[in-house]
Amino acid sequence: MSDYTQKIRETAKKLLSEGKVDAVIGYREGTLPLMAEPCLVKDPEKVDQLVFNSFCGVNLANYLPKRKDRVAVVAKGCDSRNIALHIVENQVDRERLFVIGAPCTRMVDRRKVAAAVGGREISGVSEQDGKLTVSGPGYEQTVDKKDVLQDNCSICIHRNPVLADEMLGEKLPEQEADRYADVREVEAMSPEERFAHFKDLFSECIRCYACRNACPLCYCPTCFVDESKPQWVGKSIDPTDTMTFHFLRAFHCAGRCTDCGACERACPVGIKVRQLTRKLEKDCLGLFDWEAGMNPDVRPPLDTWRPEDPEEFIK
Amino acid sequence: MRFLKIAKDDWTRGVEDLKKSFRVFGPVKEKEAYDFRLLDKGVLPDFSFQNTRLSPKSTVYPQSEILFEYTLDESKADHHVHKVPEKDYSPRVILGIRPCDAKAFELVRLNFDTPEYKDPYWLSAYEATTKVGLACDDPCSTCFCTSAGSGPYDEAGLDVLLADRDDHFLAKVLTEKGEAFVSAAGWNTEAPDAEAGFEKLAAEAEGKVPGGVPTDKLADKETVALHGADFWEDVAFSCINCGTCTYLCPTCWCFDIQDEVKGAEGVRMRNWDSCMFPLFTLHGSGHNPRATKVDRVRQRFMHKLKYFVDRYGRGIQCVGCGRCVSSCPVNIDIRRVARLMNEFEPAPEKCPA
Ligand code: SF4
Ligand code: SF4
Ligand code: SF4
Ligand code: SF4
């Protein structure tokens with residue numbers, strides 16, 4: 001059992017039995033190898049289902065808006081930044097929230113693990129010292145965790161929570177990473193190439209909205225794609241409508257996206273939707289020196305105005 | 001019913017010959033995953049798959065389909081007339097459909113082909129389709145077909161069932177459509193002694209399917225008590241209400257009707273819909289009878305595992321393909337929910353004091 005797991009259980013038990021919170025939101029063991037399921041624990045006697053491992057990629061900040069009760073939530077670096085955004089955007093009340101901060105040990109992409117074992121059935125997995133031991137019918141294979149990280153985790157530069165009421169461990173060293181190599185490649189394309197690139201990128205989209213619904217930013221009571229009076233976008237899998245959905249959603253996330261990777265992780269057909277949000281992240285960094293969710297007191301650049309904002313584009 | 005032996009040397013030729021009289025669909029690998037596609041000349045189905053990412057239901061029931069076109073422009077002679085666009089209902093064959101997915105067509109049919117209503121689009125496509133199954137000798141760990149009234153050699157809904165025997169296929173020809181199919185492909189090597197071997201293969205494969213998803217007591221449960229069971233909140237908590245489970249499911253049949261209009265010209269289309277979406281039940285008045293996530297998650301499982309069971313008396317509305325299990329982004333697992341439902345006992349009523 002990881003140290004974090006032990007500490008999460010202890011903290012949850014304490015908070016619940018002392019009546020400090022009504023519920024704890026964390027992860028429990030999945031029914032499948034390489035998965036963990038978000039869960040809500042209300043009973044101090046049931047905290048032992050809580051776990052923390054390399055498969056806790058779901059962003060739990062997504063479960064906070066509209067809650068009326070007092071909850072504690074386990075938050076990795078990115079989750080904590082989304083919580084900070086929720087606070088700025090008045091989606092959660094800081095007073096009613098207890099953040100259990102997890103300096104993040106980086107999350108694993110189960111599709112990469114499946115590819116690493118050649119698509120063979122995986123019936124079990126254990127992790128130790130940066131290695132995953134994957135087993136299935138008639139084989140056991142060890143995989144370096146760093147080779148199977150979620151794409152966003154491998155370029156993450158903020159693994160430590162930006163806010164927490166209790167930390168599960170010491171701060172971990174941050175890495176240097178080139179976050180925008182693939183974005184620059186797309187930027188360098190001609191408009192025709194770029195259009196073809198995006199058309200291909202979204203060609204397999206089935207409009208299931210798992211990406212949107214997994215995203216903590218997408219809390220609008222009615223998403224623009226679901227509006228019918230007026231209807232902004234068609235609902236079929238027409239490529240133009242599908243791309244409209246993706247582009248508009250990405251713009252709604254500009255300056256707010258924390259690159260938590262929840263969207264990409266959720267997509268059943270493996271579409272790299274973060275390409276769009278990272279382009280906007282790159283622009284926000286360049287134009288406004290802004291990284292989303294680093295401070296629960298500062299509003300994101302697209303809903304504020306500062307005299308020093310660049311304005312070359314309003315000529 | 002009879003058995004044929006199809007040498008793999010002769011497979012390519014047969015598939016190409018088929019394309020002269022059928023539109024041939026089969027699994028192909030695109031980017032990361034397998035899906036059913038119309039196979040162009042020279043393209044063979046790729047049978048190295050376990051199962052496809054999306055089910056083959058879209059070969060008969062596309063995600064988006066135009067029902068009719070119209071014009072409101074009164075200067076046109078055919079204004080306000082429903083015009084069904086030309087559709088290709090020429091014979092088509094799905095090669096390599098897994099038995100669970102073939103059985104799923106029979107369940108979906110219950111919705112589209114009833115004594116009162118016959119859906120012309122679904123039925124025309126269905127009737128045009130010959131389904132050639134590929135038996136599963138190597139089920140996935142998330143499969144539970146044998147618990148769901150199907151199996152790796154299930155023949156339900158199939159016209160031909162193929163078993164892969166290294167250098168040849170054994171073909172069990174099950175229907176007239178199946179006969180037309182093998183004759184169009186020119187496969188005619190009889191294998192009269194194959195039956196016993198085939199049954200042995202089926203039994204071996206069945207033994208490999210993970211079991212332990214009990215559904216035997218669902219029919220006996222009291223609906224209202226099950227609806228009010230205390231586990232729904234816990235089951236539903238992690239759900240993000242996406243369309244993954246229902247869109248990937250071979251047995252989910254719900255759709256939404258939409259008009260797309262430009263000026264006076266319009267089309268009416270149907271698109272797959274999902275009971276997981278809040279919009280699914282939103283009334284024009286703004287009232288939503290399934291207003292919460294718990295309501296929606298409960299609906300999906302109650303429909304598949306209880307209402308359907310009671311309404312049709314032929315088991316659950318699930319063939320155990322495991323797609324929703326492996327693709328749900330938050331690991332909501334129908335096998336676990338089936339167990340909870342099957343084992344559910346209502347709390348004994350307290351006597352009023
Ligand atoms: S858009 Fe994707 S990466 Fe960005 S916050 Fe939302 S889920 Fe996370
Ligand atoms: S999760 Fe994937 S398939 Fe679903 S809407 Fe998003 S990009 Fe499309
Ligand atoms: S059960 Fe899973 S796949 Fe289905 S709607 Fe909920 S989160 Fe999506
Ligand atoms: S409910 Fe899940 S396991 Fe059952 S048929 Fe549908 S996708 Fe397959």
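This is a predicted model: local features need pLDDT of at least 70, side-chain atom pairs count only at pLDDT 80 or more; totals for chains, interfaces and linings use all residues.
Domain 1 of chain B contributes 42 residues to the contact, and domain 2 of chain B contributes 37. The size of an interface is often given as the accessible area lost when the parts come together. For domain 1 and domain 2 of chain B, the buried area is about 3,500 Å². Carbon and sulfur atoms account for 58% of that area.

Polar interactions also cross the interface. Between domain 1 and domain 2 of chain B, 25 residue pairs are in polar contact, with both residues at pLDDT 80 or more. The domain interface of chain B also holds 4 salt bridges. B:Arg270 and B:Glu65 form a salt bridge through their side chains, with an N to O distance of 3.8 Å.

In chain B, β4 (64-71), α2 (99-112) and α3 (120-127) each give two or more residues to the side of domain 1 that touches domain 2. The largest share comes from α2(B), with 10 residues. By residue class, the side of domain 1 of chain B that touches domain 2 comprises 21 nonpolar, 11 polar and 10 charged residues.

Notes:
Residues are numbered from 1 along each chain as its sequence is written. Chains are lettered from A and ligands numbered from 1 in the order in which they are written. Side-chain values use heavy atoms; hydrogens and water are left out. Contact means heavy atoms within 4.5 Å. Buried area is the accessible area (1.4 Å probe) that two parts lose on being put together, summed over both. A polar contact is a pair of N or O atoms within 3.5 Å; within protein, one must be able to donate a hydrogen and the other to accept it, and residues adjacent in sequence count only if both atoms are side-chain atoms. Helices (H or I, at least four residues) and strands (E, at least two) are DSSP runs, numbered from the N terminus. Ala, Val, Leu, Ile, Met, Phe, Trp, Tyr, Cys and Pro count as nonpolar, Asp, Glu, Lys and Arg as charged, and the others, Gly among them, as polar.
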